[in-house]
Amino acid sequence: MTTEPALPDAGSLNAEDPAEAGTPDETGEAKHFRSPVSFVRRGSRLQGRRQQAWDELSDQFVVDVPRAEADTSVDPDYVFDAAAEFGRSAPLVVEIGSGLGEAVTHAAEQNPDKNYLAVEVYLPGLAQTLQRIGQKELTNIRVVQANAPEVLTTMLPAGSVDEVWVFFPDPWHKTRHHKRRMVKDEFAELVARVLVPGGIWRLATDWSDYAVQMREVLDASARFENLHAGERAGEDSPLTRVNREGLEKKAPVNDVDTRGGWAPRFDGRTLTSFENKAHQAGRLIFDLTYRKA
């Protein structure tokens, strides 16, 4: 029996690279794109069922992206043609950091009238997604191994995406590492660029300080409006509960979140193994939903 290599938690698969812009490295990842890339590189070996899935399904479901330099870069002249790729015109949902593909393949199965694009840099995660595609016999999903900022900057046409999902990105806990977090002002502008007018950006995290940062970034943007502004505030806020109960290994404080703005849990996000681990660890989930203004 062939054993599969262990995979990191899905929430770490779309973390930003520690390398700063323009810093040379062995793979050239920083050189080809003049801002921090959206991941930490990990091993790319495939074994067993993942290798089999890649061999059998990659030609059909992996988007063949011309590269600029590195193997996760995107040639700036390349533009994704969703209608040609899927053979139809349909609403397009893009998940940034699709991890092992649990959320995106479940959604594709439940919504055959929509097209889905899974963006991930971690090859074993993409291969696992292909496995799920094959098991579910899906046709309305494609995967791409690419750096998210480049996908949003040049690969996807402006105003071509109906929803963008960012679920459980790497929180980069240490304060000095917060600059590496994905959801920042410039990233919000890129998401706004690809969304159709009225398009939806869904976010989720299991760390309160990142949830607050997400809320600050999106509330400050003139490009987005919070669909649940003022909701789940005060005693109903998960942030109030984290503060009072001293969750996330923090000392309890009597800080009340009077602002709120937290969305109800998105029904379209299946309970993934990563989210389930967060629940088991006693962490709360923060959902946010914004519409492009």
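Which residues of S1 lie on one side and which on the other, and are they buried or exposed? In this predicted model, Leu92, Val94 and Ile96 lie on one side of S1, Val93 and Glu95 lie on the other, and all are buried. Both faces of the strand are thus covered, and the count for S1 is 5 buried residues of 5.

The chain contains 9 helices and 7 strands. Of its 293 residues, 55% are buried. Where contacts link residues at least 6 apart in sequence, 77% of them join residues at least 24 apart.

The 7 strands form an open sheet with mixed pairing, in the order S3-S2-S1-S4-S5-S7-S6. S3 and strand S6 (224–226) each have a single partner strand and stand at the edges, so one side of each is left without a neighbour in the sheet. From one strand to the next, the twist averages 20 degrees.

Strand S1 pairs with two strands of this sheet. S1 and S2 run parallel and are joined by 5 bridges; Val93 has Tyr116 of S2 as its bridge partner. S1 also runs parallel to strand S4 (residues 161–167), to which 3 bridges join it, and Glu95 stands opposite Trp165 in S4. Together with helix H3 (residues 102–110), S1 and S2 make a right-handed β-α-β unit.

A right-handed β-α-β unit is also made by S2, H4 and S3. Strand S2 (residues 115–120) is parallel to S3, with 5 bridges between them, and Leu117 stands opposite Arg142 in S3. Strand S3 (residues 141–145) has 5 of its 5 residues buried. The buried residues of S3 are Ile141, Val143 and Gln145 on one side and Arg142 and Val144 on the other, so that both faces are covered. Antiparallel pairing occurs between strand S5 (residues 195–205) and strand S7 (residues 286–292), which are joined by 6 bridges. In this pair, Ile200 stands opposite Arg291 of S7.

Helix H5 (residues 148–155) packs on the sheet and touches strand S1 (92–96), S2 and S3. The direction of H5 makes about 130 degrees with that of S2. H5 is mostly covered, with 6 of its 8 residues buried: Ala148, Pro149, Glu150, Val151, Leu152 and Met155. The cover over these buried residues includes S1, S2, S3 and helix H6 (185–194).

Val119 is located in strand S2. Its relative accessibility is 2%, and Val119 therefore counts as buried. Apart from neighbours within four places in sequence, the contacts of Val119 are Val94, Glu95, Ile96, Gly97, Ser98, Val144, Ala146, Ala148 and Val151. Among these contacts, Ala148 and Val151 are buried residues of H5, while Val94, Glu95 and Ile96 are buried residues of S1. The C-alpha atoms of Val119 and Asn147 are separated by 7.9 Å, although the two residues are 28 apart along the chain.

The axes of helix H1 (residues 48–61) and helix H4 (residues 123–136) come within 8 Å and cross at roughly 75 degrees. The two helices, H1 and H4, are therefore roughly perpendicular to each other. On the H1 side, the contact is made by Arg49, Arg50, Ala53, Trp54, Leu57, Ser58 and Phe61. H4 contributes Leu123, Pro124, Leu126, Ala127, Gln128, Leu130, Gln131, Ile133 and Gly134. By class, the contact of H1 with H4 comprises 10 nonpolar, 4 polar and 2 charged residues.

Two residues were examined for backbone phi. Most residues other than glycine have a negative phi. Glu137 has a positive phi, near 55 degrees, and is not a glycine. The residue Glu137 is found in the loop between H4 and S3 and is exposed, with a relative accessible area of 70%. Lys249, likewise not a glycine, has a positive phi of about 60 degrees. The position of Lys249 is in the loop between helix H8 (238–245) and helix H9 (273–280). With a relative accessibility of 86%, Lys249 counts as exposed.

Notes: Residues numbered from 1 in each chain as written. Predicted model: local features only at pLDDT ≥ 70, side-chain atom pairs only at ≥ 80, totals over all residues. Heavy atoms only, no water. Axes fitted to C-alpha atoms, helices over the stretch in contact; angles between N-to-C directions. Helix = DSSP H or I, 4+ residues; strand = E, 2+ residues; numbered from the N terminus. Parallel < 35°, antiparallel > 145°, perpendicular 65-115°, else oblique. Contact = heavy atoms within 4.5 Å. Nonpolar A, V, L, I, M, F, W, Y, C, P; charged D, E, K, R; others polar. Buried < 20%, exposed > 50% of the residue type's maximum accessible area, 1.4 Å probe, protein only. Pairing = 2+ DSSP bridges. Right-handed = clockwise from strand over helix to strand, strands pointing away.
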